[in-house]
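Let us walk through this structure step by step. Start with how its chains meet, then turn to one residue.

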2 protein chains.
Amino acid sequence: MRRDYQAVRIAGLRLTSPEGDLTLSNPAITLTSEDIGPVDWVLCALKTTSMEYAYKLVRPCVAADTRILVLMNGLGIEERFADWFDANRIFGGMAFTCINRSEPGQVHHLAHGRITIGHFQNDPVELETAMALWKRSKVEVSASLSLRCARWEKLCWNIPFSGLCVAAGGIAIDGIACNAKLRNVALTLMEEVIAAGNADLASHGEMARLDRNAIVTHMFHLTDTMGAYRPSLLIDFLEQRQMEVEAMFVEPLRRAQSLGVNTPQLRLLAALLFSLGIRR
Amino acid sequence: MRRDYQAVRIAGLRLTSPEGDLTLSNPAITLTSEDIGPVDWVLCALKTTSMEYAYKLVRPCVAADTRILVLMNGLGIEERFADWFDANRIFGGMAFTCINRSEPGQVHHLAHGRITIGHFQNDPVELETAMALWKRSKVEVSASLSLRCARWEKLCWNIPFSGLCVAAGGIAIDGIACNAKLRNVALTLMEEVIAAGNADLASHGEMARLDRNAIVTHMFHLTDTMGAYRPSLLIDFLEQRQMEVEAMFVEPLRRAQSLGVNTPQLRLLAALLFSLGIRR
């Protein structure tokens, strides 16, 4: 723990949730990962803006048989971990959940909670191992036989909805959902992401594809049941912190362009967010 | 004069310009257009956000032979005046100039100054009459045989550059010109406007066309010599006034869509500006 260490030491880790609140009064926490040492599983849920710290933070916990689940947004994330550690022991996870952190030691779970997990090399046996980890938890976890597909699926939400929340001046999700013009561009942005994702999957010889109609229906349903949720990109923007523009917008755009997929709205949005970000 | 009346009465109308400053110490000004009465020429340079006041302001000055030059931004402007007055005496003008107003009675001319004039019905004889009006002035005036073409030409600058200045968080023109990502989307936005404009011209049986290469070169040259200019849309945004989103973005988008021209970046930009505008 970094920012929250003292608060959790004193008052425990407090979680509010529509499914019931929870306090862990004396959780096992440390200030450094050296104090933890080698473990069976590392779950890395850093922001991609802290990617430069990831190696240093994770390394002390990794032994030869340690598996690493990377619960981060954007593209090109597991690739970095596979450079540093055993590629066969890297997993990626996508959290489709509305969570905000507030005061130190306090986490607010607001809605939804599914996690999708994939293996970096799409190894089904390794994927089973990862799934077993969650079996006794109450978290809804689904396995994806294509991590790449799952990554793009998450971007189908994040790019239009997180992106527009910031670019439209700093508004919550219901400001997109209830505005016909923004809702329409959210849809066409999503279609661009689907096209880019499917080209990326095909170029890597993967069988998996993003199903346009299923994804559009699902993502708008999620969105319409989020209320005035503020995505983490928006909170970072409003609180003048660095935004995850590189991994969440620029890298997907780069892939689309290298594959010759025309994504004009993503290109405009990425340029605006990049510019909004560097002004901080 | 409205806001500036008292200041100009007392101190005159002051103009600063790289071509030399100027003070009109006792200009002929009135508080109402009723105090002016019928004239040969009306030059109407309102913001389109004040369109609802235009008829009331202009009407007292219009006799049977009065000509009206509409120096306003956006599309669908002369059409309104042609509804109210004699369509054969309506002209449109586009000012390619960098002007900001500051304290009451003070106008800052910063760069450039060309005005393009067209006749609402593209009548070359009427157009000559309008041109004669400017002959003795030092203003660089060019005649356009297609008002529609001239309107779209102005939008080729306003949509990308004014639009991005606001959508990128409120930055001046050099923030677009010196940022490779924004410069690139300014170009593709301009190409969308050119495509929409040419479709609009063709659908109205006009011979004139927007020349893509000439316009791109010209508009980027203008932009690169503007420095840190703040377009009026940006100033309205920063000062929390209503922006000219309807005439400058939404109406051009509407025309593109009705003509089946795909303008995804204009659509995203218009939605963002519309949303930024209604939040004020």
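A salt bridge is a side-chain nitrogen of Lys or Arg within 4 Å of a carboxyl oxygen of Asp or Glu. Keep that rule in mind for this model, which is predicted. Between chain A and chain B, the rule finds zero salt bridges.

Three helices of chain A each supply at least two residues to the side that touches chain B: H5 (147–167), H7 and H11 (264–278). The largest share comes from H11(A), with eleven residues. By type, this side of chain A has 15 nonpolar residues, seven polar ones and three charged ones.

Now for the extent of the interface. The size of an interface is often given as the accessible area lost when the parts come together. Chain A and chain B bury about 2,200 Å² between them. Carbon and sulfur atoms account for 68% of that area. In residues, 25 of chain A are in contact with 25 of chain B.

Next, look at a single residue. Glu192(A) sits in helix H7 of chain A, which spans residues 180–203. Is Glu192(A) buried or exposed? Glu192(A) is buried, yet has no salt bridge. The nearest side chain of opposite charge is Arg267(B), 7.3 Å away.

What does Glu192(A) touch, leaving aside neighbours within four places in sequence? Its contacts are Thr263(A), Pro264(A), Gln265(A) and Leu266(A).

Conventions. Residues are numbered from 1 along each chain as its sequence is written. Chains are lettered from A and ligands numbered from 1 in the order in which they are written. This is a predicted model: local features need pLDDT of at least 70, side-chain atom pairs count only at pLDDT 80 or more; totals for chains, interfaces and linings use all residues. Side-chain values use heavy atoms; hydrogens and water are left out. Helices (H or I, at least four residues) and strands (E, at least two) are DSSP runs, numbered from the N terminus. Buried means under 20% relative accessible area, exposed over 50%, partly exposed in between (1.4 Å probe, protein chains only). Lys and Arg count as positive and Asp and Glu as negative; His and the chain ends are not counted. Contact means heavy atoms within 4.5 Å. Buried area is the accessible area (1.4 Å probe) that two parts lose on being put together, summed over both. Ala, Val, Leu, Ile, Met, Phe, Trp, Tyr, Cys and Pro count as nonpolar, Asp, Glu, Lys and Arg as charged, and the others, Gly among them, as polar.
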